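Here are some notes to read alongside the structure. Please keep the model open and look up each residue as it comes up.

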Amino acid sequence: MDFSEVYSHDNTKLCKWSPNGKYLASMMKHRLLVRDAETLQVVQLFTCLDSIQELSWSCDSLFILCGLYKKGVAQIWSLTEPGWTCKIDEGIAGLSHARWGPSGRHILTVSDFQVRLTVWSLLDRATFYIKNPKFSSQGLSFSPDGKMMALAERKDCKDFVSLFSCDSWELLRQFKTDTLDLADLVWSRDGRSICVWDTNLQYKLLIYSPDGRLLTSHVAYENALGIKSVAWSPSSAFLAIGSYDQKVRIFDGLVYKQLTDFGHLAVSVSDAVAVYREVPSEEFRSQTRYVLEEGVVRLPSIKLKTDVPNPPLGVGWVRWSSDSKYLLTRNDNMPNVLWIWSLTQLALNSIIIQKEPVISAGWDETSPQLTFCTGTGMLYLWTPTGCSCVAIPETNFALQSVLWNPAGNSLVLMDKDKYCLAFTGSTEEPASDQ
């Protein structure tokens with residue numbers, strides 16, 4: 001693995017690849033820098049009105065949206081026409097969130113206190129208004145073909161899902177949901193259904209068809225904290241639901257029936273499960289390696305504080321590999337442990353036990369290769385053949401976040417105020433470090 005030189009930036013959340021994988025955008029104070037993904041040369045430089053809180057690319061990688069929420073403004077920049085500029089100012093209504101529409105030529109903004117959602121056209125400057133969205137940054141999902149938008153609304157203490165056309169932005173239909181306090185929704189990857197789940201104060205999963213028919217309702221248990229994380233597999237064959245009872249439940253994506261559930265407790269290792277534990281390297285003090293565990297494995301956990309809100313408990317990470325064959329999970333009261341499940345076997349494949357809590361993890365979008373970090377100078381990789389550690393050559397580099405290039409040939413490694421690129425070079429899978 002090869003590494004680039006180190007560059008400065010302001011925020012790990014404001015360093016993002018373009019969807020086509022050809023460019024990398026980052027922020028430095030008020031400046032937006034766009035670099036070539038291969039040469040890392042600056043291809044465009046834009047100056048924003050103020051510090052930005054959010055950055056996102058259009059689907060065709062031609063425009064960049066910058067959310068300056070403190071000023072109530074959004075700025076849009078063109079990669080191909082640097083002289084073209086666009087500013088959206090919500091005025092006294094304020095701006096709490098901005099995002100792209102599926103066409104890449106519409107901007108959706110939500111005002112403070114969710115008074116309204118506004119759709120702004122970059123083509124003819126037309127605007128469309130939708131009153132009283134329930135949330136600022138959630139409760140909204142587009143169909144995979146980009147033709148419809150599902151939006152959560154709250155009226156008279158009742159939850160509704162409204163479907164809008166993404167061409168005319170007219171209301172197509174609206175239906176009431178059987179929820180106490182709808183938490184979020186997401187469209188399935190095949191567009192056949194919309195998954196809705198209730199407040200985390202109770203476990204309730206609902207799946208509706210786009211015409212408003214309730215396809216299934218699932219309550220796993222009662223009188224306890226409920227759903228914490230939800231993710232459709234890329235193939236739409238599975239739906240994973242992580243919950244506060246430290247389990248992830250797998251549903252069939254076609255008939256919406258539960259197939260199995262995976263618990264996150266101490267395990268007795270079998271031949272089919274590989275348990276990797278990070279230990280200090282015998283050759284280099286500053287580096288680590290992996291050893292394989294055998295027998296009954298006791299997993300490190302943190303003591304829960306029951307007197308604080310949102311306790312670190314339950315399955316907060318559910319992340320699918322690009323081929324839908326593997327599922328990464330993390331139980332939040334075991335932050336040092338990653339679980340990798342095989343969906344072809346419906347069983348546990350690997351457990352990775354780190355010395356420090358895992359703070360960022362991501363799958364390669366082109367192959368079942370996982371990278372993660374723990375805030376140290378090490379980059380960790382997992383593939384179906386093994387687990388390995390790679391030391392970052394830059395000194396005083398505390399890796400906080402990893403992000404794969406959509407093209408799959410490189411990833412950006414981010415510290416709080418600097419970043420570099422790692423180039424995989426080949427698609428060969430790493431062997432286990434033992």
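**Notes on the predicted model**

1. The model is predicted, and the count of disulfides in it comes to 0.

2. Are C15 and C157 buried or exposed? C15 has a relative accessible area of 2%, so C15 is buried. C157 is exposed, because its relative accessible area is 67%.

3. Strands of a sheet are held in pairs by backbone hydrogen bonds, and the pairing can be parallel or antiparallel.

4. Another open sheet of 4 strands has the order β19-β20-β21-β22, with antiparallel pairing. Its edges are β19 (184–187) and β22, and each of them has a single partner strand, so one side of each is left without a neighbour in the sheet. On average, neighbouring strands of this sheet are turned by 15° against each other, direction ignored.

5. Strands β21 (residues 205–208) and β22 (residues 214–218) run antiparallel and are joined by 4 bridges. L206 is opposite S217 of β22, and I207 is opposite T216 of β22. The hairpin made by β21 and β22 has 5 residues between the strands, and G212 has a positive phi near 95° in this hairpin.

6. β23 (residues 227–232) and β24 (residues 238–243) also form an antiparallel pair, with 5 bridges. In this pair S229 is opposite G242 of β24. The hairpin of β23 and β24 has 5 residues between the strands, and S236 takes a positive phi near 70° there. How many of the 6 residues of β23 are buried? The number is 5, so β23 is largely enclosed by the rest of the structure.

7. The whole structure holds 15 aromatic pairs. One of them is F238 with W320: the ring centres are 5.9 Å apart and the planes are at 10°, so this pair is stacked. Planes under 30 degrees apart count as stacked. F238 is in strand β24 and W320 is in strand β31 (residues 315–320), so the pair links distant parts of the chain, 82 residues apart. F238 counts as buried, because its relative accessibility is 16%. W320 is buried as well, with a relative accessible area of 9%.

8. Ring pairs also join Y276, Y290, F372 and Y380 into a cluster.

9. Which arginines lie over the face of W317? R319 does, at 4.1 Å from the ring centre. R330 also lies over the face of W317, at 4.3 Å from the ring centre.

Conventions
Residues are numbered from 1 along each chain as its sequence is written. This is a predicted model: local features need pLDDT of at least 70, side-chain atom pairs count only at pLDDT 80 or more; totals for chains, interfaces and linings use all residues. Side-chain values use heavy atoms; hydrogens and water are left out. Two strands pair if DSSP finds at least two bridges between them. Helices (H or I, at least four residues) and strands (E, at least two) are DSSP runs, numbered from the N terminus. A disulfide is a pair of cysteine sulfur atoms within 2.5 Å. Buried means under 20% relative accessible area, exposed over 50%, partly exposed in between (1.4 Å probe, protein chains only). Rings of Phe, Tyr and Trp (its six-membered ring) pair if their centres lie within 6.5 Å; planes under 30 degrees apart count as stacked, over 60 as edge-to-face and the rest as tilted. A charge sits over a ring if NZ of Lys or CZ of Arg is within 6 Å of the ring centre and within 35 degrees of the ring normal. Axes are lines fitted to C-alpha atoms, for helices over the stretch in contact, and angles run from 0 to 180 degrees between N-to-C directions.
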